[in-house]
Amino acid sequence: MNRNDWLKWVSLAAVVIALFLIPVFIKNPYWMLVLTLLWNYIIVAQGFRYIATTGEYSFAHVPLMGMGGYASALLVMKLGMSFWLALPLAVLVTAIISAIIYYPCLRTTGTFFFFASFAFGEVMRLCWVRFKNPFGGVGGLSHIPRPDPIHIPGLPIVEFTLFSHTSYYYLILVFMLFSVLTMYLLENSRLGAIAAAIKESKILASFVGIRVWRYEMIIFVIASAFAALGGCLYAHYMTLLVPEEFYWGLAIYVCIWAVVGGMGHFTGPIVGTIVFGLIKELLRPFPQIVPLIYGLILAATLALLPEGLISLPKKILLWNKRRLSRLRRDK
Amino acid sequence: MTLLYLQMIVNGTMIGFQLALFATGLTLVYGIMLIINFAHGELYMLGGFAVFLFFDQLRLNYFVSLALAMIVVAIVATVTERIFFKPMRGQHIPSFIMSCGLVFVLQVLAVLVFDVKDKAVDSVFPGVVKIFGVTLSMERLAIIVISTVIISAFYIFLQRSRFGRAMRAVMQNPEAAALQGVNIDQVCSSAMGIGAALAAAAGGLLAPVFILNPWIGPDLTWEGFIVVCLGGKTSLPGTLLAAFILGYIKSFVSTLADPMVARMCSAAILGIILTLRPQGLLGHE
């Protein structure tokens, strides 16, 4: 391990420790809510990027997040299951549904994959609106119970009531770190190398013996499982699910967070989600102009930094170097 | 019973013309520049608001305000094409995300100028007509007639004029067209302008029938994408055919079942056509 690697690990550890210490310093429940939701969206945005490692952009990702939420809420509310059992079951159910949705979509690529995934995601979303009986129609599901308290003998009981902001913050933080770590390991494994090959060229990948269809399916199902995890945590945190939330609006936002943050690098979606989330919070007194600022940042980033905000430090170094060389030449 | 079916047919034709006017611009922009313009619905919304401003507020003649709306929106679209879309030509996903940014910007501007409340434009052709003993709304028939005129004018321009031929040439093969001396930049800008004018015409015509607010754009854009994919992506006759198919499906299913099922049908059509017949109804591989 050289010096650079050490620096990376130490800073990573510092960030994780800082994330765990945030509730000690921030007591305001509103900011806890904002941060908790932000970490939750990072799970979803990171999953979106994980699909994009194969070169495809999926619009069904956000409806699948909703599916995770609906599955777990229904398991808890209708069948009276414990949250801790419903969570893995909901993730499993959504993974199966995602396989059904992506199966026909895999016949298309590029923009038309994007449209086809939108179409099947939208059909699923409209089912929640149309079928009032389990899904609750336009109004969605409300009064979704919070997770049951964790009781480990010898330790104090951890509760997740409506007033226990800190414990839910830690719950989502732990799941976020778990998801990000898993996706990082997957991307740097053999599966990640295969995804990169598929992104480069599907035909070339199939010529070297990669079963493109199978590996794409594996990656999409894994990413959908993370989307479902995000949706599940979201549903039980907000205790309310409305089909309208998982319409193209959120799908476009997730896409924007990931792309503006930078699709080329693993930390891109994290940076994008945090930057856009904080902009929204800082402009809270003027909610009407938030989309305007988003649009301008988006246009500026795409025009000046095609690799996303994550490439900003590198670009600044480059610009600085150019400026210095110009100054030297002028002398 | 005849009344119901005849009204469904009139409604379907009207929605078909709305989608045809709207999606022709999307097809032109996709066929010529290879960009996905998600902000096309915002041009429809601006067209509606322009008619609201000229006709309802300034009390101009309806046809004059419709023409003014088409010109204003065409200018807005040409300017945005130069600023936002010129560097994005040929890149599908970046252009889609760029146009999402444009959607936000235009929506906020519309909110700031026209406020968030729903607007209603006064009926232009009030009253009803009786055809074979069936009562039909005068307004919807007028919309059908005016749209027919606009679409025919566009097709005559495309088929007969020199510039229309240049546009069709760029759609078939940009390099070959450029070698023949076609100015690609000019064709791109005017394609965007013409498409925007058609979208604005749809917005202006339908403004007295539907309500008007700054958020009506994106939903229509998705339907426009469905029409474009169903028709065959770069085929203009296909777009026309697909618009009417979707219009009748929407009208019949909404009336006989319910609007939610109609939306499900149109989304399902998009998925099925893309996976089973990617070249669309009248497109080529």
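**Legends to close-up views of the predicted model**

**View 1. The contact between chain B and chain A in the predicted model.** Chain B places 30 residues in contact with 32 residues of chain A. On the side of chain B that touches chain A, at least two residues come from each of α4 (92-114), α9 (217-231) and α11 (259-276) of chain B. Helix α4(B) provides the largest share, 13 residues. Sorted by class, this side of chain B comprises 24 nonpolar, five polar and one charged residues.

**View 2. The packing of α3(A) against α5(A).** Helix α3 (residues 61-79) of chain A and helix α5 (residues 110-130) of chain A meet at an angle of about 35°, and their axes lie 9 Å apart. The crossing of α3(A) past α5(A) is left-handed. From α3(A), the residues that make the contact are P63(A), L64(A), G66(A), M67(A) and Y70(A), while α5(A) contributes G121(A), M124(A), R125(A) and W128(A). The classes represented in this contact are six nonpolar, two polar and one charged residues.

**View 3. The fold of chain A.** Chain A contains 14 helices and two strands. The C-alpha trace of chain A extends over about 75 × 55 × 45 Å along its principal axes. Within chain A, 42% of the 331 residues count as buried. Of the contacts in chain A with a separation of 6 or more, 72% join residues 24 or more positions apart.

Conventions: Residues numbered from 1 in each chain as written. Chains lettered and ligands numbered in written order. Predicted model: local features only at pLDDT ≥ 70, side-chain atom pairs only at ≥ 80, totals over all residues. Contact = placed C-beta atoms within 7 Å. Helix = DSSP H or I, 4+ residues; strand = E, 2+ residues; numbered from the N terminus. Nonpolar A, V, L, I, M, F, W, Y, C, P; charged D, E, K, R; others polar. Axes fitted to C-alpha atoms, helices over the stretch in contact; angles between N-to-C directions. Left-handed = near helix turned anticlockwise from the far one by under 90°. Buried ≥ 20, exposed ≤ 12 C-beta atoms within 10 Å, placed from the backbone.
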